[in-house]
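Visitor: I have a new model open and would like a quick tour. Can you walk me through it?
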Amino acid sequence: MPGKKNPSLKDPELYEELREDGASKQKAARISNAAAAKGRSAVGRKGGKAGDYEDWTVPQLKAKAKEIGLTGYSAKKKSELISALRNT
């Protein structure tokens with residue numbers, strides 16, 4: 001959007017940074033507008049918590065491994081699964 005004025009963007013500089021990092025137009029606009037309204041540091045702290053892999057069950061860890069495309073995870077022990085997930 002360089003060169004264009006978009007009145008719905010409250011922080012065009014942050015929007016452009018996010019777009020350069022690969023964020024979609026909608027996501028970049030949502031984040032930049034939230035940052036302008038609440039402050040960048042407040043938006044940076046926002047988000048969920050995934051919890052520790054140690055608290056997950058082996059079937060949950062295997063599902064996550066499958067989701068991210070790991071191979072050879074079916075025979076791994078819990079500690080090996082955790083290590084594989086953390087190092088990918």
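Predicted model: local features only at pLDDT ≥ 70, side-chain atom pairs only at ≥ 80, totals over all residues.

Visitor: What elements is the protein chain built from, and how many of each?
Guide: The protein chain has five helices and zero strands. From the N terminus on, the order reads α-α-α-α-α.

Visitor: How much of the protein chain is buried?
Guide: Buried residues account for 22% of the 88 residues.

Visitor: Let's look at some packing. At what angle do α1 and α2 pack?
Guide: Helix α1 (residues 12–20) packs against helix α2 (residues 25–38) at about 145°. Their axes lie 8 Å apart.

Visitor: Why quote both an angle and a distance?
Guide: Because two packed helices are described by the angle between their axes and the distance between the axes.

Visitor: Is the crossing of α1 and α2 left-handed or right-handed?
Guide: Right-handed, as α1 passes α2.

Visitor: Which residues make that contact?
Guide: From α1 come L14, Y15, L18 and R19. From α2 come K25, A28, A29, I31, S32 and A35.

Visitor: And by class?
Guide: The contact of α1 with α2 has seven nonpolar residues, one polar and two charged.

Visitor: Stay on α2. How far does α2 reach from its first C-alpha to its last?
Guide: α2 has 14 residues and spans 20 Å between those atoms. That is close to the 20 Å expected at 1.5 Å a residue.

Visitor: Which residues of α2 are buried?
Guide: A28, A29, S32 and A35 are buried in α2. They sit on the same side of α2, because they cover an arc of only 135° around the axis.

Visitor: What is on the face turned away from that buried side of α2?
Guide: The exposed residues Q26, R30, A37 and K38 are there.

Visitor: What comes just after α2?
Guide: G39 does, with a positive phi of about 100°.

Visitor: Switching to α5. Which residues are buried there?
Guide: In helix α5 (residues 78–86), the buried residues are L81, I82 and L85.

Visitor: Why are they on the same side of α5?
Guide: Because they cover an arc of only 100° around the axis, they fall on the same side of α5.

Visitor: What covers the buried residues of α5?
Guide: The cover includes α4 (58–67).

Conventions
Residues numbered from 1 in each chain as written. Heavy atoms only, no water. Axes fitted to C-alpha atoms, helices over the stretch in contact; angles between N-to-C directions. Helix = DSSP H or I, 4+ residues; strand = E, 2+ residues; numbered from the N terminus. Left-handed = near helix turned anticlockwise from the far one by under 90°. Contact = heavy atoms within 4.5 Å. Nonpolar A, V, L, I, M, F, W, Y, C, P; charged D, E, K, R; others polar. Expected span 1.5 Å × (residues − 1). Buried < 20%, exposed > 50% of the residue type's maximum accessible area, 1.4 Å probe, protein only. Arc of directions from axis to C-beta.
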